[in-house]
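I opened the model to look up a few residues and the packing around them. My notes follow in the order I made them.

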Amino acid sequence: MSLNERLEQLTKKLDEMQSYRPLDMQQLAVLDKSKKFEHIWSSTKLEGGTLEYSETEAILDAGVTLHGVPVKDILETLDLSEAYDYMKALVTGEQAINERVIQQLNRFATLQSMKGEGIPGAYRVVPVRPRGAEFNPYPQPHLIRKQMEDLIFWNEKAQYELHPVQYAAELHQRFVTIHPFLDGNGRTARLLMEFALTRNGYPITIIQPDIQSRIKYMNVLAETQKTGNRTPFTALVADYVDKELDERIEVLKLYEENIKQTEHQKNSTSVNVENNSSKFYEKLASAKKHQEKALNSSDNQETKSNDISPKL
């Protein structure tokens, strides 16, 4: 299957997802919180974080301070939570992607964890390179501002011209290849990807952080940076989006079934109540007729008795 066919398939699944009635506010809030925690856990773990999902949840949901956990991991989790909320606020508003927005995302994502190590949200002024890599795709510091301007220029057209999933994947790949910040580039790139997807109606998409998935993600990303061919990375993101769509469709199907079952039970109960009420009133009417008949019979007997009584 070609990439275009794959993307068309995702469009059809999105249409199917949107054909179901939306979740009620309470269950939607539970699902949104779960996806937020999952994004934060996976995104920090992809960068080498040590926290498990349950530990991430404990920190964010209960404010628990875990013993034996690196302070930096805790701070990165808290920072990314703030950055995620900022990203979600951007989605619901009309703010377009620009350099200031990207710098704000990075600032939130590194605000506490980067203390004393640099300025959150500021472009780097030193050269960097991927750890252990022979090829270095990252530009020299003096080229960063121009490449970021080019990214924003590309974004202004791409958001309308490309399929939303392709747009999200390329935005991620193009940004992280510039690597404009000293820290938090990967986390910022994945937030940009989520922004592009969710603004176009797609669900939050989690890149899995297990060893095998992480190696594949890093290798495909590195290969696209080396060759300039972004198709393999777009295909990888499309696979993750496909999985998220399938899961969300199953949730909405179950919700629809549960609503229909509840409505059916409610209607059945109403019919039974109506039938029982009808029978009650029928019996009551019948009893009244019998009572009236009995009274009439009694009155007739009394009249006859009066007729045959002796006259005084």
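Is H172 buried or exposed? I found H172 at 0% relative accessibility, so it counts as buried. The cut-offs I used are under 20% relative accessible area for buried, over 50% for exposed and partly exposed in between, with a 1.4 Å probe and protein chains only.

Notes on the source. This is a predicted model, in which local features need pLDDT of at least 70, side-chain atom pairs count only at pLDDT 80 or more, and totals for chains, interfaces and linings use all residues. Residues are numbered from 1 along each chain as its sequence is written, and side-chain values use heavy atoms, with hydrogens and water left out.

Entry: the whole chain. I counted 10 helices and 0 strands, where helices (H or I, at least four residues) and strands (E, at least two) are DSSP runs numbered from the N terminus. Of the 312 residues in the chain, 41% are buried. I then looked at contacts (heavy atoms within 4.5 Å). Among those in the chain with a separation of 6 or more, 68% are between residues 24 or more positions apart.

Entry: H172. I placed H172 in helix α7, which covers residues 164-178. Setting aside neighbours within four places in sequence, I listed the contacts of H172 as A189, R190, M193, Y217, L221 and F233.

Entry: the cores. I took a nonpolar core as a set of buried Ala, Val, Leu, Ile, Met, Phe, Trp, Tyr and Cys residues joined through side-chain atoms within 4.5 Å. The largest one has 63 residues, and I102 and V165 touch the most other members. Helix α10 (residues 231-307) gives this core its largest share, 10 residues. Another core, of 5 residues, lies apart from it and includes I59, L66, V69 and I74.

Entry: P232. Which helix holds P232? I found P232 in helix α10. Its relative accessibility is 37%, so P232 counts as partly exposed. Beyond four places in sequence, P232 is in contact with V220 and T224. I also checked P232 against L221: they are 11 residues apart in sequence and 8.3 Å apart in space, C-alpha to C-alpha. L221 was already on my list of contacts for H172.
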